[in-house]
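Hi everyone, thanks for coming. I'd like to walk you through a structure this morning, so please have a look at the screen.

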Amino acid sequence: MTLFFGVVGSFVAVAGFAILLETPGKYLPHAGIAGAIGGFVYLLGIEGELNVVLASFLSALAIALTSHTFARIFKAPVTIFLIAGILPTVPGAGMYQIVYYIIANDSAKSSYYLIQTLEIAGVIALAIFIMDTLFKVRIKKIEKP
Amino acid sequence: MDYKLVMNMAVMAGELMLRSGAETHRVEDTMYHILRTANAETVEASVMMTGIVATIGNPDMEPITVIKRVQERGTNLNRIMLVNEISRNYCAGEISPEEAYEELKGIGGKQYHVWVYNLATVMVPAGFAPLFGGGGMEVLAAAVVGLILALIITVGKRLQINGFILDTLSSLGVAVTATFLKQLFPFLDNDIVIISSIMPLVPGVAITNAVRDTLHGDYISGGARILEAFLKAAAVALGVGAGMALTGAFYIGGGLL
């Protein structure tokens, strides 16, 4: 049940965020679906007691795959689906916690969140890179006679 | 070939993309493709997060170099998509340089009405609450706090308050409202409500783009983006801290945590 609410929540949140990022109206549901898939994988990972960083990596991979697929199907740039869709995974709360604990004078917690946030941001970027590369390779193979 | 027109078009396309939050290498790529249609011998486009330098040179003329400083930056996926489309059509030879330039000039900013943005600002916190482990009551509370947040952001933008201060004020409003709700309904989990409600403000996309730029070898843009992300996070955390300290002094008798 938590999983279901989480997935619905990430759909709503990503669709809302897509509006704030000025995504063209007709692609709002698609961005929401990409986000919901990402939220699903992430929550599944957390429930399966995976590390947060690993769960983020898998979720980012799923989102990048969905975005690339959507981009091919609907003939739109990948960024449209990717930037909003990646949101449930992205370490926004972590960024806040780093600075919050610095202000609260708790350097142990702030450095914990600093390292975790950098790791998550790193693996997300890595996941996006991996998918970009995979899709480029695939296209080149098809173009060969 | 009208080198000046191609140059102006490339710089305009680059500026639009950079202002809309496109990655540095994507901007360089688009500018390079446009500039190459001039068939000049040397073509260079160097984009940093805060400005653009582009040059075009041929043996039969003086080289043209343009520097463009880009001040404001936000995220506007619609603009990126439109610029992309125009530049692709132009490079494929489907539209003339004049047409492409006019089309680029016509690209506007906002595409939705103000209340749609406000609705979105309510949707984001409500949607994030279950992801952070909140139940039905937390979702409702986050939506209420999101409403206050939307109100503060709309009024602040109308008064043209500077970005850093507006982020601080917004998150202060979030913390105060959340603590107030917690006093009314003691069963709420305050942390979940606050973290979900600041999600429209925190620089999650910014830090990820910073790492993407850095991995791509654009170290200056990557570094600048990291700095921007931390500044934004500082504004938000400062606001929440101040809000908690304020309300804490009223209800619990002081203390940040």
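Predicted model: local features only at pLDDT ≥ 70, side-chain atom pairs only at ≥ 80, totals over all residues.

Chain B averages a pLDDT of 86, and 96% of the residues score at least 70. Within chain B, strand β3, residues 64–69, has the highest confidence, with a mean of 92, while helix α9, residues 204–215, has the lowest, at 82. One stretch to treat separately is residues 253–257 of chain B, where the pLDDT is below 50. In the model that stretch has 13 contacts beyond near neighbours in sequence.

Now to the inside of chain B. We have domain 1, covering 3–105, and domain 2, covering 114–251. Taken over C-alpha atoms, their centres are 35 Å apart. So how much area is buried between domain 1 and domain 2 of chain B? The figure is about 830 Å², and carbon and sulfur atoms give 51% of that. On the domain 1 side, B:E23, B:H25 and B:M49 supply 57% of the area buried against domain 2, more than any other three residues.

In terms of residues, 9 from domain 1 of chain B are in contact with 10 from domain 2 of chain B. The rule finds 2 salt bridges across this interface. B:E23 turns up again here: B:E23 forms a salt bridge with B:R212, with the closest N and O atoms 2.9 Å apart. There are also 5 residue pairs in polar contact between the two domains. The elements of domain 1 that give two or more residues to this side are α2 (24–36) and β1 (42–48) of chain B.

Let's move on to the partner chain. Here 51 residues of chain B are in contact with 47 residues of chain A. Together the two chains bury about 4,300 Å², with 79% of it on carbon and sulfur atoms. B:L77, B:L131 and B:R212 supply 16% of the area that chain B buries against chain A, more than any other three residues.

How many salt bridges does the rule find across the interface of chain B and chain A? The count is 0, although 8 residue pairs are in polar contact. The elements of chain B that give two or more residues to this side include α3 (77–91), α5 (114–131) and α10 (219–251). By class, the chain B side has 34 nonpolar, 13 polar and 4 charged residues.

That's my tour, and I'm happy to take questions.

Conventions:
Residues numbered from 1 in each chain as written. Chains lettered and ligands numbered in written order. Heavy atoms only, no water. Domains from an automatic or database assignment. Contact = heavy atoms within 4.5 Å. Buried area = accessible area lost by both parts, 1.4 Å probe. Salt bridge = Lys/Arg side-chain N within 4 Å of Asp/Glu carboxyl O. Polar contact = N/O pair within 3.5 Å; in protein donor to acceptor, adjacent residues only side chain to side chain. Helix = DSSP H or I, 4+ residues; strand = E, 2+ residues; numbered from the N terminus. pLDDT = per-residue confidence, 0-100. Nonpolar A, V, L, I, M, F, W, Y, C, P; charged D, E, K, R; others polar.
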